[in-house]
Amino acid sequence: MTLSAVLPDRTGPYDSLAERFRTVRAQTVGLCAPLQVEDYVVSTMADVSPTKWHLAHTSWFFETFVLADHMPDYASPNPRYAFLFNSYYVQAGERHCRAQRGLVTRPTVSEVFAYRQHVDDAVLRLCERIADDAEHPAWPVIELGIHHEQQHQELLLTDIKHVFWMNPLRPVYSNEPGDVHGERALTSSNWREFDSGVRPMGHAGGGFAFDNEGPRHRVFLEAFRIAARLVTNGEYLAFIEDGGYRRPELWLSNGWATVRENNWTAPFYWERSEKTWSEFTLAGDGSLDPSLPVCHVSYFEADAYARWAGHRLPTEAEWETAASDAPLTGTFVDSRQFHPQADNGTGQWYGDAWQWTQSAYLAYPGFKASAGAIGEYNGKWMADQWVLRGASCATPRSHARLTYRNFFPSDARWQFSGIRLASAR
Ligand SMILES: [Fe+2]
């Protein structure tokens with residue numbers, strides 16, 4: 001199996017990879033610390049996987065793509081786990097129905113933790129064995145597994161948020177204040193302006209990237225301007241109060257149909273009682289803060305809001321051009337705030353909330369998926385989805401980068417997805 005298309009370049013010397021593996025695996029377990037054992041088992045909609053499943057699936061990934069290929073003496077504690085914990089890799093074998101993941105009570109949570117430990121021990125033994133072979137083909141797959149693990153850390157949080165939201169007791173995941181870096185105050189909306197021209201786009205090498213971030217190529221952009229912060233709850237509230245959810249002229253046809261079908265009247269996790277709005281967060285129910293970025297909006301809502309505001313969503317090429325000199329700062333999961341924070345003048349390019357673009361999730365010119373099951377990672381999803389850029393308050397900081405392409409369908413809104421505006425100049 002060749003992995004060159006998945007892993008265009010290395011992050012650094014592989015002698016530190018075992019330590020990064022150990023750290024990232026421990027961080028996943030750390031995110032589970034506030035949970036009770038009952039919380040691990042439930043799935044509250046088809047998009048939501050149980051915490052237990054995330055813990056096991058990320059272990060299956062290492063078992064299937066690293067240990068099975070590179071550790072001949074490895075034995076799974078239960079070969080039937082592969083059926084339960086393969087997500088969507090058709091070439092890796094048959095798999096359990098996604099929508100029924102929350103109906104599986106066995107293996108127990110403690111058995112899943114034992115499975116993780118079993119896989120961890122084996123991967124670390126492999127790292128020791130190949131420590132002197134910098135060209136060993138297992139290294140890039142271990143690195144891919146680490147980044148895959150970080151993706152599931154974010155999903156674990158957004159999924160448990162939905163699980164808690166569905167519970168009438170509205171449990172609190174964390175109401176610690178977290179780390180607040182620097183002054184956070186709402187800045188007035190301002191814009192950055194860019195001339196037309198040919199711009200480079202895509203991963204340039206020099207670090208890890210998923211295959212869908214390359215090849216690097218050029219695009220021509222007309223002159224544009226792009227907002228220097230995210231749209232806030234207060235601004236979005238003005239759209240609602242102006243009848244935004246009742247005016248079909250503001251919506252794409254499929255968006256309007258979705259609004260009607262689901263009776264959408266506000267972003268996900270917003271609730272109205274009498275004249276006040278509340279927002280459910282991982283800290284529980286609370287009153288809506290107008291200065292925070294709006295999040296948990298679908299592509300349809302982001303698009304309708306932009307149209308109402310007299311603007312549009314940026315393309316991903318515009319986003320990448322504008323963010324290319326921005327510092328990689330923002331509210332990441334490392335801050336343990338678990339909710340987007342108000343702008344502090346850095347532009348909110350990373351962290352806080354993912355930003356919908358109006359770019360369809362498609363292959364860059366020259367893209368070629370890897371051979372074998374691992375090639376299913378990104379390429380086969382390039383239909384009916386939109387690219388989101390940046391990162392969110394649930395993303396590990398070390399997982400964010402300029403060229404990262406997240407993607408979700410038009411109606412998805414259980415992720416921390418927000419809005420940045422753009423327009424022609
Ligand atoms: Fe996965």
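# Notebook: helices, iron site and backbone

I began with helix 6 (residues 233–241), where Asn233, Tyr236, Leu237, Phe239 and Ile240 are buried. I take buried as under 20% relative accessible area, exposed as over 50% and partly exposed as in between, with a 1.4 Å probe and protein chains only.

I note the basis of the entries here. This is a predicted model, in which local features need pLDDT of at least 70 and side-chain atom pairs count only at pLDDT 80 or more, while totals for chains, interfaces and linings use all residues. Residues are numbered from 1 along each chain as its sequence is written, and side-chain values use heavy atoms, with hydrogens and water left out. Helices (H or I, at least four residues) and strands (E, at least two) are DSSP runs, numbered from the N terminus.

**Surroundings of helix 6.** I looked up what the buried residues of helix 6 pack against, and found strand 5 (270–273), strand 6 (276–281) and helix 8 (299–308). Contact means heavy atoms within 4.5 Å. Gly243 follows helix 6 and has a positive phi, near 80 degrees.

**Iron site.** Which residues coordinate the iron ion? I found His57, His148 and His152, each through NE2, at 2.2 Å. Donors are N, O and S atoms within 2.8 Å of the metal (3.2 Å for Na, K and Ca); water is not among the atoms, so sites may look incomplete. The spacing of the donor residues in sequence is H-x90-H-x3-H. His57 lies in helix 2 (residues 51–70) and His152 in helix 5 (residues 138–165), so this pair ties together parts that are 95 residues apart in sequence. Both His57 and His152 are buried.

**Helix 1 and helix 2.** I then examined helix 1 (residues 17–31), whose axis comes within 11 Å of that of helix 2 and crosses it at roughly 160 degrees. That makes helix 1 roughly antiparallel to helix 2. Axes are lines fitted to C-alpha atoms, for helices over the stretch in contact, and angles run from 0 to 180 degrees between N-to-C directions. Angles under 35 degrees count as roughly parallel, over 145 as roughly antiparallel, 65 to 115 as roughly perpendicular and the rest as oblique. Phe21, Arg25 and Thr28 of helix 1 make the contact with Leu55, Thr58, Ser59 and Phe62 of helix 2.

**Helix 9.** Of the 8 residues of helix 9 (residues 316–323), 8 are buried, so this helix is largely enclosed by the rest of the structure. Trp319 is one of these buried residues.

**Backbone entries.** Most residues other than glycine have a negative phi, and most peptide bonds are trans. I recorded a cis peptide bond between Arg106 and Pro107, with omega about 5 degrees. Pro107 lies in the loop between helix 3 (81–85) and helix 4 (109–129). The bond from Gly214 to Pro215 is also cis, with omega near -5 degrees. I placed Pro215 in the loop between strand 2 (197–201) and strand 3 (217–221).

Glu274 is not a glycine, yet has a positive phi of about 55 degrees. Glu274 lies in the loop between strand 5 and strand 6. Is Glu274 buried or exposed? I found Glu274 exposed, with a relative accessible area of 77%. Arg336, not a glycine either, has a positive phi of about 55 degrees, and counts as partly exposed at 37% relative accessibility.
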